[in-house]
Amino acid sequence: MNDYDRRPAADWINRVFCEDALTGMARIPGGSVDLIVSDPPYGLGKDYGNDSDKIADKHGVDAYLNWMEQWIDIALPKLVPTGCLYICLTWRYAPEIFVMLKKRMTMINEIIWDRRVPSMGGSTRSFTSVHDTIGFFAKAKGYYFDLDAVRIPYDAETKKARSRSIFVGAKWLEIGYNPKDLWSVSRLHREHRERADHPTQKPLEIIERMVKASCPPGGTVLDPFMGSGTTAVAAKRHGRNFVGFELNPEYCALIEQRLANETNAGDEQLAPVLAAAGK
Ligand SMILES: C[S@@+](CC[C@H](N)C(=O)[O-])C[C@H]1O[C@@H](n2cnc3c(N)ncnc32)[C@H](O)[C@@H]1O
């Protein structure tokens, strides 16, 4: 029996609640999630069918940063001692938020998501911004991190180029390379097959990498701002549990739909937890 088998099944596990994360997270006991994947409103005025991304416009930057600090202080105690947090941001407020988080956690990486935006038009008084900034933070030095789960295989050409005898049988050539801190993954344009009806849906490839590297199999991922439910889908696909929140009822319906469409690939590992929770 491992530590995860010993965890009590809870009625909040593998559920997305259609409510404000700042109140809903109170029901999650402290020290019960392995990973927080967070993609909060960036403070840029986007329309999520609510005013959550308009705090900075309507009430000023300090009000937005205060709100960020509030949910961060509610979420962080939910982590186990080996737990980690990823937070998606833009350059605009990432500096302030990283400083805030560095007072509470150890910063492991700043990851740049290159959204592979094609070159056309764009800004004339600045360089066109084509990346998101992702902070990767750990609660403590002994944080969980499984690099082998996210290595990228070398392509055939590279392998062939390393065919000299000194490389034959080289473990690093077989197991693939570390994804590094620059993640070049196309954003989900309108016609993309993964695209759901959400304005800032993250590609699964990005969230899956976070889940596989930083949440042990059978562990639990918390996402306070589920949007279209990408974190829940990634967790389900890879045999991790999830819990999350989303304010907009239309997005909550979308999440249910996306989860229902998923193959039940991860269900073997989830089955004991679901059964114990009476689901
Ligand atoms: C940047 S989007 C998340 C996108 C998501 N990662 C995806 O891949 O679809 C942020 C989401 O947080 C939701 N939201 C904003 N404030 C919230 C709150 N207090 N509690 C729960 N959800 C909230 C918004 O409605 C929006 O859908």
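The dialogue below goes from the whole model to single residues.

Mentor: This is a predicted model, in which local features need pLDDT of at least 70, side-chain atom pairs count only at pLDDT 80 or more, and totals for chains, interfaces and linings use all residues. Residues are numbered from 1 along each chain as its sequence is written.

Trainee: What is the mean pLDDT of the protein?

Mentor: pLDDT is the predictor's confidence in each residue, from 0 to 100. The mean for the protein is 90, and 91% of its residues reach 70 or more. Where pLDDT is low, the predicted coordinates should not be read in detail. Over residues 265-279 the pLDDT stays under 50.

Trainee: What radius of gyration does the protein have, and what would a compact globule have?

Mentor: The radius is taken over C-alpha atoms, and the globule rule is 2.2 Å times the number of residues to the power 0.38. For 279 residues a compact globule would have a radius near 19 Å, and the protein agrees with this at 20 Å. The C-alpha trace spans about 65 × 60 × 40 Å along its principal axes.

Trainee: How many helices and strands are there?

Mentor: Helices (H or I, at least four residues) and strands (E, at least two) are DSSP runs, numbered from the N terminus. The protein has ten helices and eight strands.

Trainee: Is Leu 85 buried or exposed?

Mentor: A residue is buried if 20 or more other C-beta atoms lie within 10 Å of its own, exposed if 12 or fewer, and partly exposed in between, with C-beta atoms placed from the backbone. Leu 85 is in strand E3 (residues 79-89), and Leu 85 is buried because 25 other C-beta atoms lie within 10 Å. By contrast, Ala 161 in helix H5 (residues 156-161) counts as exposed, with 11 C-beta neighbours inside 10 Å. Buried residues make up 32% of the 279 residues.

Trainee: Which residues does Leu 85 touch?

Mentor: Two residues are in contact if their C-beta atoms, placed from the backbone, lie within 7 Å. Not counting residues up to four places away in sequence, Leu 85 touches Ile 36, Ser 38, Met 105 and Phe 137.

Trainee: Which residues of the largest nonpolar core touch the most other members?

Mentor: In soluble globular proteins, nonpolar side chains tend to be buried together. A nonpolar core is a set of buried Ala, Val, Leu, Ile, Met, Phe, Trp, Tyr and Cys residues joined through C-beta atoms within 7 Å. The largest one here has 52 residues, and Val 33, Leu 35, Ile 36, Val 211 and Val 221 touch the most other members. E3 gives the most to this core, with eight residues.

Trainee: Why is helix H7 described as largely enclosed?

Mentor: H7 (residues 204-214) is largely enclosed by the rest of the structure because eight of its eleven residues are buried. Among the buried residues of H7 are Ile 206, Met 210 and Val 211. The elements that the buried residues pack against include E3, strand E7 (220-223) and helix H8 (230-237). Contacts of Val 211 beyond four places in sequence include Leu 35, Val 221 and Ala 234.

Trainee: Which residues are closest to the ligand?

Mentor: A residue is near a molecule if its C-beta atom, placed from the backbone, lies within 6 Å of it. 21 residues surround the ligand, and the closest are Ser 52, Phe 225, Gly 227, Ser 228 and Thr 230.
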